[in-house]
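Subject: Structure handover

Hello,

Here is the structure I promised to pass on, followed by some notes on what turned up in it. I hope they make a friendly starting point.

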Amino acid sequence: MGALLIRDLRLAIRAGGGFGLGLGFFLILCVLIPLGVGPEAGRLASIAPGILWVGALLACLLSLDRIFALDWDDGSLDLLATAPLPLEAVVAMKALAHWIVTGLPLVIAAPVLGVLLHLPGGAQGWLVVSLAVGTPALSMIGAFGAALTVGLRRGGLLLSLLVLPLYVPTLIFGAEIVRRGADGMAPATPLLLLAGITLGSVALLPFAAAAALRINLR
Amino acid sequence: MSLWEYANPRKFMETSARVLPWLWGMTVSCLLVGLVWGFFFTPDDYKQGSTVKIIYIHVPAAMMAINAWVMMLVASLIWIVRRHHVSALAAKAAAPVGMTFTLIALATGALWGQPMWGTWWEWDPRLTSFLILFLFYLGYIAFWEALDNPDTAADLTGVLCLVGSVFALLSRYAVNFWNQGLHQGASLSLDKQENVSDVYWFPLLVCIAGFVLLFVALVLARTRTEIRLRRIKALESRERLAE
Amino acid sequence: MLRVQGLCVARGGIAVLEGVEFALEPGQALVLRGPNGCGKTTLLRTLAGLQPPLAGTISVPQDSLAYASHADGLKPMLTVTENLAFWAAVFGTGAAAVAAALDRMNLAPLAARPAQNLSAGQKRRLGLARMLLTGRPVWALDEPTVSLDAASVRLFADMVRAHLHGGGAAVIATHIDLGLSEATVLDLAPFRARAPDQGGRRDAFDEAFA
């Protein structure tokens with residue numbers, strides 16, 4: 001299992017743009033929004049939690065179809081499915097690799113972008129915490145969507161259509177944590193709910209995704 | 001004889017062909033009675049005026065929007081467990097019907113909301129949930145359309161429906177958490193105290209029965225079409241194989 | 001070791017082969033022959049467990065079959081050694097096995113080269129070298145000799161022969177003569193699935209309309 005993770009990370013680094021792409025997209029989004037909305041600090045501060053979370057979500061979405069598509073095209077997925085690794089573990093490892101390449105850099109870079117958007121200082125910590133807790137769910141749900149659409153030639157757009165509604169609860173609780181942090185309220189409740197979604201996704205979705213892969217490989 | 005025999009496509013086609021004309025008749029009469037009674041023979045509400053009468057469309061449509069998804073979930077489960085093709089095709093057939101009901105509920109809600117709340121759209125938890133439900137329907141239908149192999153499509157959309165149901169439910173609670181809304185409480189409940197008054201209640205019941213019948217009739221008719229399409233597809237691929 | 005009885009396999013829900021029967025003992029190889037599209041790949045994928053058979057049984061000890069498809073499953077960004085080391089780790093064979101596999105398929109001089117810089121034949125050799133790392137006794141190989149030159153085909157035949165002498169077995173779909181004296185040839189043409197109106201099997205859905 002470790003070998004699969006290392007291979008995927010190595011591929012992401014060598015293919016170029018693995019680590020940088022999602023992050024660059026996130027940055028561009030956080031630059032474009034003030035250009036569209038206007039530079040007023042107060043207005044930006046009030047929408048910053050939402051923008052940062054929607055940005056993270058879209059940055060995550062951007063690289064989802066690569067989770068399984070490359071392995072599908074070159075036949076590795078056939079071979080992995082007949083290897084002694086359970087397919088559920090393959091899914092979980094690939095989602096983890098996706099999170100390390102996409103989610104983790106967002107978590108680390110988020111405070112800088114928070115400053116750009118005038119996010120109040122008290123909310124910065126909660127932004128990092130909420131992204132750290134929530135982005136694994138985004139990767140896992142995304143891996144499920146990628147497993148569903150892996151056999152489709154032009155699955156990219158459909159993948160967004162399928163995955164984005166599934167992101168709704170994660171987005172609501174994630175942004176709520178930051179908003180409460182900014183308003184000086186206690187964010188424990190949404191934080192626990194978000195953690196619940198992440199843990200539930202990580203525990204159950206590998207089975208659904210592996211089932212979808214098996215159906216697609218048939 | 002077991003209920004599952006109706007899952008045999010031929011048996012299903014025979015039975016549904018016999019049942020459908022009656023079903024259409026009942027649907028039309030229920031809807032006619034319910035809507036005419038509701039629109040013309042009930043008093044105006046003292047607060048909401050005659051706009052209240054839109055509940056005869058709004059409430060049944062909203063109920064069926066959710067029930068249609070539940071029916072799709074049950075049908076998908078039956079397909080996944082028992083591999084009855086008719087069940088998978090019924091789930092496929094129900095999706096556009098459910099989506100249309102969702103759209104009707106949203107549109108009538110907007111029409112009602114304008115005079116009552118002074119706005120066409122409000123990010124109220126109920127309205128938002130319905131919008132999200134609409135997105136789920138959209139994804140589900142698009143996914144069916146995108147897949148070529150009918151069995152693969154049935155399996156994958158079944159998995160999507162299962163997982164989607166969990167997330168739809170989660171979204172419902174998340175949205176409640178996100179915003180407390182303007183929407184009034186349930187119009188119907190088993191607790192008589194909370195119900196709308198009897199004058200509106202009886203025609204509403206007839207309308208709900210009409211919408212349920214309409215849903216069943218539409219789904220049966222669409223399932224028949226899907227079965228025929230599936231049959232054509234099977235014949236075509238067999239022909240290609242024989243060449 | 002591998003026993004197939006009354007096997008019926010389907011592609012896209014339609015039966016393509018029916019009544020396939022064969023058995024392999026250690027040291028035996030079976031060469032599958034048949035025109036394009038007759039279902040060789042489908043049969044091998046079914047043997048590998050990637051798709052369920054429509055009917056019939058495949059008895060093979062658990063985790064003893066290794067499958068190689070048309071595609072080699074190589075990562076162009078990784079070197080030859082890295083590609084093999086990954087599969088060695090997945091199948092739990094060691095680094096020594098990687099070196100041995102490189103030698104066996106004459107890839108040692110290319111060990112540090114990224115797979116994207118290999119020729120088609122070299123890629124194929126790398127894909128076949130993976131089989132040596134699986135440590136599994138039954139090989140299912142789909143068109144293994146595509147894009148191999150004559151010398152490489154001999155190399156591959158030697159590899160299979162050594163595997164058979166070591167107590168392994170192999171099912172190979174191929175059109176060319178590998179010169180394997182151990183191999184029996186199975187022509188798939190007679191097993192072609194008949195149309196339902198000519199006495200072939202029907203699936204449950206069509207049956208309902210008969």
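The contact between chain A and chain C takes 22 residues from chain A and 24 residues from chain C, where contact means heavy atoms within 4.5 Å. About 2,000 Å² is buried between these two chains, and carbon and sulfur atoms give 66% of that area. Buried area here is the accessible area, taken with a 1.4 Å probe, that two parts lose on being put together, summed over both. On the side of chain A, the residues that lose the most area to chain C are A:R14, A:L79 and A:T82, together 30% of what that side buries.

Before going further, please keep in mind that this is a predicted model: local features need pLDDT of at least 70, side-chain atom pairs count only at pLDDT 80 or more, and totals for chains, interfaces and linings use all residues. Residues are numbered from 1 along each chain as its sequence is written, chains are lettered from A and ligands numbered from 1 in the order in which they are written, and side-chain values use heavy atoms, with hydrogens and water left out.

Back to chain A and chain C: 5 salt bridges cross their interface, a salt bridge being a side-chain nitrogen of Lys or Arg within 4 Å of a carboxyl oxygen of Asp or Glu. A:D74 forms a salt bridge with C:K75, with the closest N and O atoms 2.8 Å apart.

Chain A also meets chain B. That contact takes 27 residues from chain B and 28 residues from chain A. Together the two chains bury about 2,200 Å², with 83% of it on carbon and sulfur atoms. In chain B, the residues losing the most area to chain A are B:L156, B:F167 and B:F177, which together make up 28% of what that side buries. The count between chain B and chain A is 1 salt bridge. A:R218 and B:D155 form a salt bridge whose closest N and O atoms are 2.8 Å apart.

Now for salt bridges within the chains; over all chains the count comes to 20. In chain A, the side chains of A:R43 and A:E40 meet at 3.0 Å, N to O. A:R43 is partly exposed, at 39% relative accessible area, and A:E40 is partly exposed too, at 47%. For these words, buried means under 20% relative accessible area, exposed means over 50%, and partly exposed is in between (1.4 Å probe, protein chains only).

In chain B, a salt bridge joins the side chains of B:E226 and B:K92 (3.2 Å, N to O). B:E226 lies in helix 6 (residues 198-242) and B:K92 in helix 3 (residues 85-117) of chain B, so the pair ties together parts that are 134 residues apart in sequence. B:E226 counts as buried, at 10% relative accessibility. Helices (H or I, at least four residues) and strands (E, at least two) are DSSP runs, numbered from the N terminus.

In chain C, C:R161 and C:D158 meet in a salt bridge (3.1 Å, N to O). They are 3 residues apart in helix 5 (residues 150-165) of chain C, so about one helical turn separates them. C:R161 is partly exposed at 23% relative accessibility, and C:D158 is partly exposed at 43%. Elsewhere, salt bridges that share partners join A:R7, A:D8, A:D71, A:D74, A:K94 and C:K75 into one network.

Chain C also holds an open sheet of 5 strands in the order 5-6-7-3-8, with parallel pairing; two strands pair if DSSP finds at least two bridges between them. Strand 5 (65-68) and strand 8 (183-187) stand at the edges with a single partner strand each, so one side of each is left without a neighbour in the sheet. Within the sheet, 5 bridges join strand 6 (residues 138-142) to strand 7 (residues 169-173) of chain C. Across that pairing, C:A140 stands opposite C:V171.

Enjoy looking around, and do write back with any questions.

Best wishes
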